[in-house]
Amino acid sequence: MHIYPALQYPPEGLNFSDQFAFRPTGSTVAALIALQHTVLSMLTTNAYVRVFTLDFSKAFDTVRHAVLMEKMAKLRMPDEVYNWIKDFFDNHSHCTKFSGEISTLTDICASVIQGSGLGPASNLVMAADLRPISDKNRMIKFADDTYLIVPAECAATSEDELAHIQDWAEGCNLSLNRAKRKEIIIRAKCRRGNSTPLPVACPGIDGVEQLTALGVVINNRMTAADHVSKLLETCARQLYVLCVLRHHGLPSISMNNVFRMTVLAKLLYCV
């Protein structure tokens, strides 16, 4: 599709390097490596790093077409491709039928059709202008999951950064899932990290000692202990399921396939 070559040369104001979904070289593994590398790099010169995990509710369903097409217009793509994309989103309507009654038609001015070829690219373009206010802060994105990384030297900018993300979301007709907003503070493993007082949690953000990022448990010590414990607990439950399947006569070949798709796949994910 012609839109993807246009993403390789983003114009000023749009950035795709911090988005790890919907890209040929992107993956959850790449996003987690970037997250860990960024945090550890910051800890070499900072006493601690604040990591905020944010999630946009129903991001595909609420994208405003007008805002999306405004960003699409900045891409270096042929006019006929832009016009085709605009026609794809225009002239859709919706009605509801209940108890034999049909409502009047209402124009659909938001949402990206999931499962369509344009869905992933549209989500990518939509979030391309969401960037930190401070150049020293970083963002890691994977679809509608966003991680804001703030080093200790910029800790005072945290609330401004969160307010900026909230304002951006409202302008794009998106809403942040308040239940999934978490903050974890990771200390440097040195005397400087142990002696520096930690900042007060931002309003409306739950401070945690561990969180699950893209299927991997990250704790405030940056060790794998909690992830391994959770992984073993999950795999133990799945092994019990395999025992039940064997008891009911599932053939050995099928047992092996189920094991590889469940237990082995979880053990090998992000090793």
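Residues are numbered from 1 along each chain as its sequence is written, and side-chain values use heavy atoms, without hydrogens or water. Because the model is predicted, local features need pLDDT of at least 70 and side-chain atom pairs count only at pLDDT 80 or more, while totals for chains, interfaces and linings use all residues.

User: How do the axes of H4 and H6 cross, and which residues make the contact?

Analyst: With axes as lines fitted to C-alpha atoms over the stretch in contact, and angles from 0 to 180 degrees between N-to-C directions, H4 and helix H6 (residues 118-126) come within 9 Å and cross at roughly 80 degrees. That makes H4 roughly perpendicular to H6 (65 to 115 degrees). Contact means heavy atoms within 4.5 Å. The residues making it are Val67, Leu68, Lys71 and Met72 of H4 and Ser122, Val125 and Met126 of H6.

User: What is the volume of the largest cavity?

Analyst: On a 1 Å grid over the protein atoms alone, a cavity is a set of points where a 1.4 Å probe fits but cannot get out, and lining residues have an atom within 4 Å of a point. The lining of the largest cavity includes Phe56, Trp168 and Leu174. Its volume, the space filled by probe spheres set on the points, is about 90 Å³.

User: Which element gives the largest share of the lining of the largest pocket?

Analyst: A pocket is an open set of points with protein on both sides within 12 Å along at least five of seven lines. The largest pocket holds about 430 Å³ of space. Of its 22 lining residues, the closest to its centre are Leu32, Gln36, Val216, Val217 and Ile218. The largest share, six residues, comes from H2.

User: Which strand gives the most to the lining of the second largest pocket?

Analyst: The second largest pocket has a volume of about 230 Å³. Its lining includes Asn15, Arg131 and Met139. The element giving the most, with three residues, is strand S6.

Methods
Helices (H or I, at least four residues) and strands (E, at least two) are DSSP runs, numbered from the N terminus. Angles under 35 degrees count as roughly parallel, over 145 as roughly antiparallel, 65 to 115 as roughly perpendicular and the rest as oblique.
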